[in-house]
Amino acid sequence: MPVHNADIAAVFDEIADLLEIQGENPFRIRAYRNAARQMESMGMPAADMVAKGEDLTELPGIGDDLAAKIREMVETGKCKALEKLRAKFPPTITTLLKLPGLGPKRVKTLYDKLKIKTLEQLKAAAREHRIRELEGFGDKTEATILEALEQHAEQVTRFKLAVAAQYAEPLASYLKRSRNVKQVEIAGSYRRCKETVGDLDLLATTKGASNVMDRFVKYDEVRDVLAHGETRATVRLKCGLQVDLRVVSTESFGAALQYFTGSKAHNIEIRRLGQDRKLKINEYGVFKGKKSIAGATEESVYRAVGLPWIAPELREDRGEIEAARKGKLPKLVELSDLRGDLHAHTKATDGHHTLKEMAEAAKARGLEYLAITEHSRRLTVAHGLDPHRLRKQMEEIDRLNQNLSGITILKGVEVDILEDGSLDLPDEVLTECDLVVGAVHSKFHLPRAKQTQRILRAMERPYFSILAHPSGRLIGSREAYEVDMLKIIRAAKARGCFLELNAHPERLDLMDVNCQLAKDENVLVAISSDAHRLQDFDNLKYGVGQARRGWLTKDDVLNTRPLKLLVSLLRRTIKK
DNA sequence: GCCGTTTTCGGCCCGACTGTTTTCAGTCG
């Protein structure tokens, strides 16, 4: 069983949890947390680095000690340091930390005094009112714990970005109608376009007395008010989503927006830069002694530490600060840069609209070309096309193109990559297409080497253009399949084909870190909607968000090319 | 535990809210 970066991150996080309960040096704990984030955010599997004998201490936040622990985990599947800690505290104890209001200190007290180590024991103790007797606890804390336990299941769920948007945007509009409110922004991971958000961070600026805080806690959708102060309030909506609102004056808008956009790791780095310059940076501004020297705009905050403004999608402490310092920040791709869409379906298979309707909807969004890429025959649930039906559709597209103006339909297909790497339609018909999008829709659980070979073999076909949703993951419901993405990216480069970034909010696949890998290897990425309905073209914005998180510029994206150039790029593939 | 135009020790981001307290610790983001 291979050891994944996520496994290593989980071990480091558990060590950090247990060290916290033990009351260890907080900076040592932070080192483990930083290492866990590093493992999660890097594109390259640490196991591969170990296998190649690469130096793990080159990674930020990884020193000799943690590098040794990573090697140990990769080679033995175990971590002795964690096992030692688990001997001191039962491993289930870390589940208690996830409850709101329970931190390491209180968890340790609960364990020391009442021997509580599971959620069930905690619930029993709370019901028997044994918790309120403990020092540092009281009636309220006990009641909060009990309530949290009853809702525990729902608090771990994160919301997909597009789902969060359905709650965030109306709430922001509602708050904008408050007295003396100047701006309302949705900050946090939402602004960074993370594929899922754990909660919403709203920021409002006011000039003079405002009722925005009162309006916020009285919002229709609010189920519980968790905190309600002068400048900060936290609520839980009926849907389970937690929302924080912070109110600052307009002079502090930029500093607050920067602060609440995060990420935490990015902000820590920015503040560290501030410290080097003897500056204190907080949500109210940048201060030299007591004097505010910046804060009205985000630009002013970055300028104060000698940096240009950094786009929110890049703020993950994955090298953006270094790039900013060197003046090498990428000019990120924007939605308006997209000239076309290279993956869409119609009624012929599992879509809901006709060719013409889809083309007109794409045109209405400013696109110049649209590839229709129906499923192939193996995907019977989608009524996939056989060669005959595909040819009929191509004829229809030819006819339609003669009558359309302002948009061109490209003849494509989303052909299944079968288990052995062969394609679900014969070469003769595939060569008649303008582009061939290949996709894995079955056998997700092949071993890594086999899955990789399967895809490489499919890409060897001379007319193969784009690998659709390359990792196969469905956010929150299906893990990515095991595959050597770097190998696939390099093969794409060698063979002149491209990778898709599927913009469907459940996919967002290619993932951000792999977009970076593709960019590093000079492989163009196609941001495609995979539209099955007219409104699905609006999902392109989520694809662009993920692409921006992956550092992609206009030049790194295939479908920013005008039609003529696009066709020649696809041809080059076909000729090989 | 990591890190270093202040290199092998001594730092390590910063503030709001709550509850349990009588001045603040714990938690959270």
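Predicted model: local features only at pLDDT ≥ 70, side-chain atom pairs only at ≥ 80, totals over all residues.
**Notebook: chain A and DNA strand B**

I began with burial: 43% of the 576 residues in chain A are buried, where buried takes 20 or more other C-beta atoms within 10 Å of a residue's own, exposed takes 12 or fewer, partly exposed lies in between, and C-beta atoms are placed from the backbone. Residues are numbered from 1 along each chain as its sequence is written, while chains are lettered from A and ligands numbered from 1 in the order in which they are written.

**Overall build**

I counted 25 helices and 17 strands in chain A; these are DSSP runs numbered from the N terminus, with helices being H or I of at least four residues and strands E of at least two. The radius of gyration of chain A is 26 Å, close to the globule rule's 25 Å for 576 residues, so the chain is as compact as a globular protein of that length. For that I took C-alpha atoms, and the rule is 2.2 Å times the number of residues to the power 0.38.

**DNA strand B**

Other elements that supply at least two residues each include α2 (26–41), α4 (64–76) and β5 (222–228).

**Helix α18**

In α18 (residues 355–364) I found L355, M358, A359, A361 and A362 buried. They lie on the same side of α18, because they cover an arc of only 165 degrees around the axis, taken from the directions from the helix axis to the C-beta atoms. Their cover includes β12 (369–375) and α19 (387–403). Just after α18, I noted a positive phi of about 85 degrees at G366.

**E299**

I finished with E299, which sits in helix α16 (residues 298–304). E299 counts as partly exposed because 15 other C-beta atoms lie within 10 Å. Apart from neighbours within four places in sequence, E299 is in contact with G254 and W309; contact means C-beta atoms, placed from the backbone, within 7 Å.

Technical notes
Contact = placed C-beta atoms within 7 Å.
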